[in-house]
Amino acid sequence: MKGPSPKSRPALGEVAVSVVETAVEIASSVAAAGQGVFRAALKLYRLAQGVVAPSGEDESMPGATSRPARASGSAAAASTRATSGAIALDSDAIEPSLTTAHGAAAGLPHAPTIEPASGDRAWPAADREIPSTRVSSRLDLPGHYDLDRLVAVPRDPDWLFAYWETRDATRRRLEARLAGQGGAPPTKHGLRIAILGAGGADTETLNWTVELPPGATSRYVEIGRPSARLRVSYGIVVGAGAAFVPLLPPVEVNMPSRELAPEIDARWAQLGDHGLAPEPAPEQPQERLREISERLIRHAHGANAESSREWPPTHRLVEFDFGSHASPRS
Amino acid sequence: MSSPRGYLALVLHAHLPFVRHPEYEEFLEERWLYEAITETYIPLLTLLSALHRDRVPHRLTMSLTPPLLNMLADSLLQSRYARHLDRLIDFCEQEVSRTRDDGQFHRLAVFYRDHLRQIRRTFVDVYAGNLIPGFRRMQDEGNLEIIACAATHGFLPLLAVNEKAVRAQVRVGIDEYRRFLGRDPSGFWLPECAYYPGVDRFLGEAGIRYFLIESHGLLYATPRPVYGLYAPILTPSGVAAFGRDIESSRQVWSSVEGYPGDHDYRDFYRDAGFDLDYEHVRPLLPPTGERVATGIKYYRITGKTPHKEPYNLDWARAKIDAHAGNFMWNRERQIEWLAETMDRPPIVVAPYDAELFGHWWFEGPDWLEMLMRKVAYDQSVFRMTTPGRYLEEHPVNQVATPAYSSWGHKGYNEVWLAHENDWVYRHLHVAADRMCELADRFPEATGMVRRALNQAARELLLAQSSDWAFIMSRGTVVDYAVTRTKDHIARFTKLYRDLLAGELDPAWLQEIESRDSIFPTIDYRVYR
């Protein structure tokens, strides 16, 4: 079938020459214009996406492309930083790429973030690698900030992420204290995780220590207890794991829920000028409200399971034959 | 229409990260904006104008994020977009000539040429290069409800280590909304629908009446929501939360069941930029000469096959009509069932990324327009509404606290907290603490000190953009995302040190003010 002319691509060498010529041309014009401008090779990409079920089931789809391989060398990697006094800024090191562009999809940075169900094809399906904008910052961020700090946040109902930093002085003080007590210099550090009691109680119902590899500054920890309230500490593991000596004040973390709340103790209000103004409940007995709630929630969950559907399964186009319906109004 | 049995609220979230590089004559990532303007924002304005002109009853909710608003209003980006559009139109003229002996492709070439000419007329003649007044006018007419969003779309649960940082994201976002749209917002789009218990307090303090959350954020609320997803809850802070309906989302998002995957719709990936002769498309390519997508696409999805057939406009239009009717019919059945179960009219909330319509799904805007026309005239079960209007009509709601959640993959923080991107947070958290320290140390700054403090606030907010962590997690333009993060943190850090040392660099400050020019009226004291 006739169509657009077959594509012809420049050979890699032609691209390289083209880039060099462009860079030289730009360097000349940059010097002349007194402006800092630098050409870059550009990267196109695509993003995968999918649908998230309310139960948090993993319905992910493979989709994100792997990173394009870095081109070896660059034709005009030298900065065309102007000599006439333009301000040197941090990320002006942009190098042209010699990666051959053999097809890519331009796309916005955010493909739809809701993902298809497991088994669905990635949508939209990509069949190409993607060339790349090669930019690099001239800057490295500090490895530490000379702080005493522990931060812990949930990643999801089951996993916690923590990072920490301690001042040298803090560690030296602890070491001196331990030495004064006749202890050996600490060699291990760790995170102590404590599960706190329900209802805001401060008692620990369970705790354990996660030993950390030397030099670790962050960690993902599997908690496995959605809705748990945690106390997380960072410190030194002394002896054969027998004692944990905190280096930093602990932090409390509430793990997210992954289930329906047990109670339906509905309170009703409307927004007034001074916050919520209580309102009487609908004239329904509590049991009727629970029944309504369970039916609606079951339906919502059942949107992912055919068997729970309580009205005709109309959402599948293949099952809906427009020919058998005069119009949506009939 | 007699009293409807329920309501449908379509919500479109329009967002792009702030990308503006005056230091380069062209920068590829700026094309994100050009593509979205051509394929989504102008088509949305066009369809809203047509519905208004034809007096079709309709309601739509949209968020326009501050980075997007700032870019749409930027004269440099406006002129670059116009230049980009002119190149596309010139190319289409050549395509019309090239395909004159090929009926199928010629018709498409003519379509693209005429379509882009109309886009240009709309952009230049109707809106004088600035689309924001168009959206504002639609809101003033009463059918469009525009809601606010966080300043740079920061992923708030992971910024909440310093809650002043969260408050600043909310307040700057709302200030920008007021600056561009001339009124207070009633609703708020939490970036990535990411909710953590307590974030609503900042929304309530800022006068927000409602926000949207992911399905399980509402279903797992405490206590259990009586009406499931089909009525809002009121948080203890006095802000209503509406949950995303799963059923209506699947019909559009799902690659198996969703409309956009229909074989007669335009294929996203077969693009003239890759298909056609290199020298022929060269004028559309970046200066470095690499092939990129142009938006001129000649093929339809066809099937699960690498072979693609030419795109057929008539077939696509027939499917648009069928799919709009199908979506409406499904909502009728859904709302009828819900209304029988509930003792109040249900609301089905269907949020989507705005860019799905037109960019990812070329036929999307036409589908939206067809849907709204059909809903207005072809059924009587439900009416379209906005969350704000539903609250006005149904002010009494159950009090409950939503659950920690997001609409990202797996429903929580994983996309933005992964091995690829977790390194950013210690820097973001320290920078937020330092910004608060600066705001307290300089309570009444003036002159260059004030400029430096305001710029520090901008750099922090730009570093907090959730887009960078998202991109790193997805492994796409990672270098660019890493560079943006590092550069903004580094610029902030230099400003911090210079301010504490009392040694500002005026030329450097001026340069970064001109580059990172978002939020021109920001007041650093939002961090006090």
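At what angle do helix H1 and helix H3 of chain B pack, and how far apart are their axes?

## Helices H1 and H3 of chain B

In this predicted model, helix H1 (residues 31-53) and helix H3 (residues 75-98) of chain B pack at an angle of about 70 degrees, and their axes are 10 Å apart. This angle makes H1(B) roughly perpendicular to H3(B), since angles of 65 to 115 degrees count as roughly perpendicular. The crossing of the two helices is right-handed.

On the H1(B) side, the contact consists of B:Leu33, B:Tyr34, B:Ile37 and B:Thr38. These residues meet B:Leu77, B:Tyr81, B:His84 and B:Leu85 of H3(B). By residue class, the contact of H1(B) with H3(B) comprises six nonpolar and two polar residues, with no charged residue.

## Domain arrangement in chain B

The domain assignment divides chain B into domain 1, formed by 6-73 + 130-254 + 345-409, and domain 2, which covers 418-527. The C-alpha centres of these two domains of chain B lie 27 Å apart. Contact between them involves 27 residues of domain 1 and 24 residues of domain 2.

Within the side of domain 1 of chain B that touches domain 2, helix H2 (66-72) and helix H6 (163-181) each supply at least two residues. H6(B) provides the largest share of that side, namely eight residues. The residues on this side of domain 1 divide into 13 nonpolar, six polar and eight charged.

## Helices H15 and H16 of chain B

Helix H15 (residues 424-441) of chain B crosses H16(B) at roughly 160 degrees, and the two axes come within 10 Å. H15(B) and H16(B) are therefore roughly antiparallel to each other, as angles over 145 degrees fall in that class. Their crossing is left-handed.

H15(B) contributes B:Leu428, B:Ala431, B:Ala432, B:Met435 and B:Leu438 to the contact, while H16(B) contributes B:Leu453, B:Ala456, B:Ala457, B:Leu460 and B:Ala463. The residues of the contact of H15(B) with H16(B) comprise 10 nonpolar, no polar and no charged.

## Helices H16 and H18 of chain B

Helix H16 (residues 447-463) of chain B also packs with helix H18 (residues 478-501) of chain B, at an angle of about 155 degrees and with the axes 8 Å apart. H16(B) and H18(B) are therefore roughly antiparallel to each other, and their crossing is left-handed.

The H16(B) residues in this contact include B:Val449, B:Ala452, B:Gln455, B:Glu459 and B:Leu462. Among the H18(B) residues that they meet are B:Thr485, B:His488, B:Arg491, B:Phe492, B:Tyr496 and B:Asp498. The contact of H16(B) with H18(B) divides into 12 nonpolar, three polar and three charged residues. B:Leu453, B:Ala456, B:Leu460 and B:Ala463 of H16(B) take part in the contact with H18(B) and also in the contact with H15(B).

## A three-stranded sheet in chain A

Chain A contains an open sheet of three strands in the order E3-E4-E7, with antiparallel pairing. Strand E3 (149-154) and strand E7 (218-222) of chain A stand at the edges, each with a single partner strand, so one side of each lacks a neighbour in the sheet. From one strand to the next, the twist averages 20 degrees.

Strand E4 (residues 159-165) of chain A runs antiparallel to E7(A), and five bridges join the two. A:Tyr163 has A:Ser218 in E7(A) as its bridge partner.

Definitions and conventions
Residues are numbered from 1 along each chain as its sequence is written. Chains are lettered from A and ligands numbered from 1 in the order in which they are written. This is a predicted model: local features need pLDDT of at least 70, side-chain atom pairs count only at pLDDT 80 or more; totals for chains, interfaces and linings use all residues. Axes are lines fitted to C-alpha atoms, for helices over the stretch in contact, and angles run from 0 to 180 degrees between N-to-C directions. Helices (H or I, at least four residues) and strands (E, at least two) are DSSP runs, numbered from the N terminus. Angles under 35 degrees count as roughly parallel, over 145 as roughly antiparallel, 65 to 115 as roughly perpendicular and the rest as oblique. A crossing is left-handed if the near helix is turned anticlockwise from the far one by less than a right angle, and right-handed if clockwise. Two residues are in contact if their C-beta atoms, placed from the backbone, lie within 7 Å. Ala, Val, Leu, Ile, Met, Phe, Trp, Tyr, Cys and Pro count as nonpolar, Asp, Glu, Lys and Arg as charged, and the others, Gly among them, as polar. Domain bounds come from an automatic or database domain assignment. Two strands pair if DSSP finds at least two bridges between them.
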